[in-house]
Number of protein chains: 2
Amino acid sequence: MPQYLAPQKDYEFLLTEYLNLAQYADIFKFSAAAELVVPIVEAGAKFCEQELFPLHAVGDRQGCKLKDGVVNLPDGFVAAYKKYVEGGWSSITAEEEFGGQGLPEVLNMPMTEMVCSANLGFGLLPGLSHGAYHAISLHASDALKKIYLPKIASGEWSGVMCLTEPPAGTDLGLITTYATEDGADKYKIFGTKIFISCGEQDATENIIHLVLARLPNAPKGVKGISLFLVPKIIPETGERNALICSGLEEKMGLHASPTCVMNYDGATGWLIGEPHKGLKAMFTMMNSARLYVGVQGLGITELAYQNACHYAQERLQGRSLRGAVRPEKSADPITVHADIRYKLLTMRALAQGGRALALEMALKIDLAKDHADADIAEQADDFVQLLTPITKAFLTDSGFEAANLAMQVLGGYGYIREYGMEQLARDVRITQIYEGTNGIQALDLVGRKLPFGFGKYLRSFFHPVQEFLQDEAPEMQEFIKPLRKQFENLQKASLWLGKQSLSNPEDVTAAAGEYTKLFSLVVLGWIWARQAKIALARPEEEFYKQKLETARFVMNRMLPQGYGLLAGLTAGSNSIMKANF
Amino acid sequence: MPQYLAPQKDYEFLLTEYLNLAQYADIFKFSAAAELVVPIVEAGAKFCEQELFPLHAVGDRQGCKLKDGVVNLPDGFVAAYKKYVEGGWSSITAEEEFGGQGLPEVLNMPMTEMVCSANLGFGLLPGLSHGAYHAISLHASDALKKIYLPKIASGEWSGVMCLTEPPAGTDLGLITTYATEDGADKYKIFGTKIFISCGEQDATENIIHLVLARLPNAPKGVKGISLFLVPKIIPETGERNALICSGLEEKMGLHASPTCVMNYDGATGWLIGEPHKGLKAMFTMMNSARLYVGVQGLGITELAYQNACHYAQERLQGRSLRGAVRPEKSADPITVHADIRYKLLTMRALAQGGRALALEMALKIDLAKDHADADIAEQADDFVQLLTPITKAFLTDSGFEAANLAMQVLGGYGYIREYGMEQLARDVRITQIYEGTNGIQALDLVGRKLPFGFGKYLRSFFHPVQEFLQDEAPEMQEFIKPLRKQFENLQKASLWLGKQSLSNPEDVTAAAGEYTKLFSLVVLGWIWARQAKIALARPEEEFYKQKLETARFVMNRMLPQGYGLLAGLTAGSNSIMKANF
């Protein structure tokens, strides 16, 4: 097996990255535990490299097995999970009163990214638990919290989300799973859920299902959905609950993660939050999950970049147009060719830009939760609300793009299984679909986030960008100018959407995809311009030289796509809505 | 298994398509056998539907098996191949003197497309033979032609291309396979070739390998490569030749087609064409293969569109923004949503536009070969030279895009194996890589095709477009204007490339990818504007109404991408070439 797949070989780079990113967004300074970033990245990288990455291809080849309701993860996964929880990785952000380490999300981000690079299929199990923990923490009763949170924090138990049913995917109003009362505070749950990631597995003692279902006489549609906590094993009695995994899906990739059909046949459950308001509680989990899915895309982007870069440096083919750079060899490394460099720089810009975005989102989540100044906390929350759909869609699109670019860089070898790049494409492909397709993210952005509070969310991003664009330093103008152009295009597009929403809402929905791409480009440009500003102050260091190179590439060759996006999206929806199928 | 995959259910539509396309490009009129198009489409569709399509998923699941040098195709493939050749499908374009039907390429195109839709893995075997036939026909001695062509035409024997070696992919100058003389006109071939599609299989009696190798004392690099005909069984003696398949690659997809490692251990071969001029002969085969690979992308685009459209019409989720269109149901079909319509229209535009391009290419190949007027023949050849890399890159990129759009339309089901869309993405992905990656196609376009004869090839496309843009009919202006804008952008880009090629050739290679995309957009716009012109004359017919809808979508929502491409590619290569890796 080729040695190209070695996700953490650059963990020193990653450490520098995280420390660099801290400079431009006050990341880590915010936390009293800032000095933890170095040990977290170092220990995390070691764990990912030694324990998770060796199982990366194993998980893909072997997949999960279902027999009599029992799901076996691929060889080695259960042992790796035990080590993961023994290392304390599951409890970083959990509250101290429930046995967690009480650390901020920003400090969780480096390990989350590295796990996604090293073994995406493995990562789903702790990733989903992380979201379930916070949904229970925010919405469940104290009694439920006391029973469940310590065990989820410790990793002994896991948590999963159970939304989808065969006729109800995006449209959750159509779900038919229902609950009947069973004594004072308990319910019996009946129904079938599909596409339940890690709904059943053999790594944890218990699995806590957060299930959307209807109470008796619930209103139709999304206003009649409640959220229930349904454990596989009932803690009070130690009894097995009436739920079972009746099928596993065969998928394109991510074979290490079981995708379950779950049957609830009168399973005992407890209500979380208020009756009929289950979607609100579920969206707490969903927003956390959407950011996490974005980070899955980021993990694959980084891995694809590292591998493609390594391959390109070794592969000799053709000569530089400037004359042979390795005349003693039969050919030059393909890094001499503009086409290959273009692809590598695209991946690098997406990986490092995506990392900065993910970390900034984590920081804002921390600020929103804990900052003493209510205004700062509120603005941070506005930013998170606005940029959650963009982070999810942009980082997962980037992950798939990077995996495919890496395949192209490897040429024929990119299509061959043993070189590993095709697995990245197959694994990451689902991230553009689950937790709301990227089309749904786009609709969330234009339909909910933009109009909210007459642009309140939007201002949390527009204002800092406008402020940044005031920078008159001559050496910054090569970054400021291209960013300003696309920011103006984004403003035009936003105004156009606002206007059309009054007269022809389908103009807005028809523009959603391109608008999200344009917005993402501006976010990327803003991130890279800020990195350039830091880098300009440290011209001697190779790390910052590379930052400047990548920033210039982003400005010159990526941001111009904004012109086409603006022209396309403002062309209106007539040609789309009038067509017959 | 869901019934969505049914590629030829729309073969009546396909027939109308081909007859419609005939109007705007004199297709079929050129041929005395024009009346054959109806029976070819009808019989071909039936064959694809009944014989090839049922093996589509079987081939993916089962793959090929290698044991002791023998490769078994998946169950049913050998029998299907026998029926294919019995039906005369292998001999359509072969010359009558060698037992072929002597029909033009345009008449071969409908069946080629349908085979690629129904079973891409199956299609490679006859597809490669088609290219091998023409390489032998054009470059081999009469003696070799007499022995080999009738058997390849009849389909009893197959032909394959053997170029790549582990260190020599794009850079064929690095190949080390060599030939030693063995009597008057024979050679012994020694070496190892990889990525040889159908290099070994059990469907044909004999397999004719066209192998690139070096003669003794050959010059280094590409000027020392010769082409050899190396049969698996030597016809004169019936002996097994000294070549063997020593391995099969495990791939992302296209499992029905064996990708072989081939060892030539003193295998007897005959020289095709002149010594050291093997690449020229191979490029005959390669150009034919590149067009064919484009059609593979087209076949998948059409299949993805049909399936996504069918699914979207059946899937009920959410409500139209205009109020329920199916109030009696729990939800409306997702075809009411702008985002879904956008995706379906993109697929439709790429499928029908790609078909028109493929057919026009076939027509020009026929004209170049057979037209009595030497000027017309030459212009047709210029057009083929120019548009071969565009057809290959654009149609294969479209195939992958359409497969991925179909996955998005199906949502979670798109990622599940039994729904079939993920197989399309895995199968078609290789088409962007093999026969020259799409990056190499782009370099072929900017490096060879553009500068050739001071723009001679370019004029074969620019002149007809300029003529078309003269159309002053008021009802045509909604098509003429957007096309003109992007054509002007393409002219600007072409001039810029010409200028930069003198001062900084890396500006040209760094722009190649975006330039190829811009060129493809203009081709697409030109094709759709011409279809619109025909459609405007027949406003009553549903077929032509849909043509107008799609043409409008292309103009409004696809062509604007050209602005971003022009801005990006003319930004120069500095930020690309100065970066460090």
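Chain B can be laid on chain A by a turn of 180 degrees and a shift of 0.0 Å along the axis, with an RMSD of 0.0 Å. The two copies are thus related as by a two-fold rotation axis. In chain B, the C-alpha of Gly564(B) is nearest the axis, 2.4 Å from it. The copies are superposed by least squares on the C-alpha atoms of residues with pLDDT of at least 70 in both.

This is a predicted model: local features need pLDDT of at least 70, side-chain atom pairs count only at pLDDT 80 or more, and totals for chains, interfaces and linings use all residues. Residues are numbered from 1 along each chain as its sequence is written, while chains are lettered from A and ligands numbered from 1 in the order in which they are written.

**Where the chains meet**

- 73 residues of chain B are in contact with 72 residues of chain A (contact: C-beta atoms, placed from the backbone, lie within 7 Å).
- Several elements of chain B give two or more residues to this side, among them α8 (278-314), α9 (338-370), α15 (505-536) and α16 (542-558). Helices (H or I, at least four residues) and strands (E, at least two) are DSSP runs, numbered from the N terminus.
- α17(B) gives the most, with 7 residues.
- The side of chain B that touches chain A divides into 30 nonpolar, 27 polar and 16 charged residues. Ala, Val, Leu, Ile, Met, Phe, Trp, Tyr, Cys and Pro count as nonpolar, Asp, Glu, Lys and Arg as charged, and the others, Gly among them, as polar.
- Of the interface residues of chain B, 99% are also interface residues in chain A, so the copies meet through the same surface.

**Domains of chain A**

- Chain A is divided into domain 1 (7-63 + 72-154), domain 2 (157-277) and domain 3 (449-575). These bounds come from an automatic or database domain assignment.
- The C-alpha centres of domain 1 and domain 2 of chain A lie 25 Å apart.
- Their contact takes 28 residues from domain 1 and 23 residues from domain 2.
- On the domain 1 side, α3 (56-62), α4 (77-86), α6 (120-139) and α7 (142-154) of chain A each give two or more residues.
- The largest share of that side comes from α6(A), with 13 residues.
- By class, the domain 1 side has 19 nonpolar, 7 polar and 2 charged residues.

**A covered helix: α11(A)**

- Helix α11 (residues 421-428) of chain A is mostly covered, with 8 of its 8 residues buried. A residue is buried if 20 or more other C-beta atoms lie within 10 Å of its own, exposed if 12 or fewer, and partly exposed in between; C-beta atoms are placed from the backbone.
- Its buried residues include Met421(A), Leu424(A) and Val428(A), and also the charged Glu422(A), Arg426(A) and Asp427(A).
- They pack against α3, α6, α8 (278-314) and α10 (374-410) of chain A.

**A helix pair in chain B**

- Helix α14 (residues 477-503) of chain B packs with α17(B) at an angle of about 10 degrees, their axes 10 Å apart. Axes are lines fitted to C-alpha atoms, for helices over the stretch in contact, and angles run from 0 to 180 degrees between N-to-C directions.
- α14(B) and α17(B) are therefore roughly parallel to each other (under 35 degrees; over 145 is roughly antiparallel, 65 to 115 roughly perpendicular, the rest oblique).
- Gln486(B), Asn489(B), Lys492(B) and Ala493(B) in α14(B) meet Gly562(B), Tyr563(B), Leu566(B) and Leu569(B) in α17(B).

Terms used
Contact = placed C-beta atoms within 7 Å.
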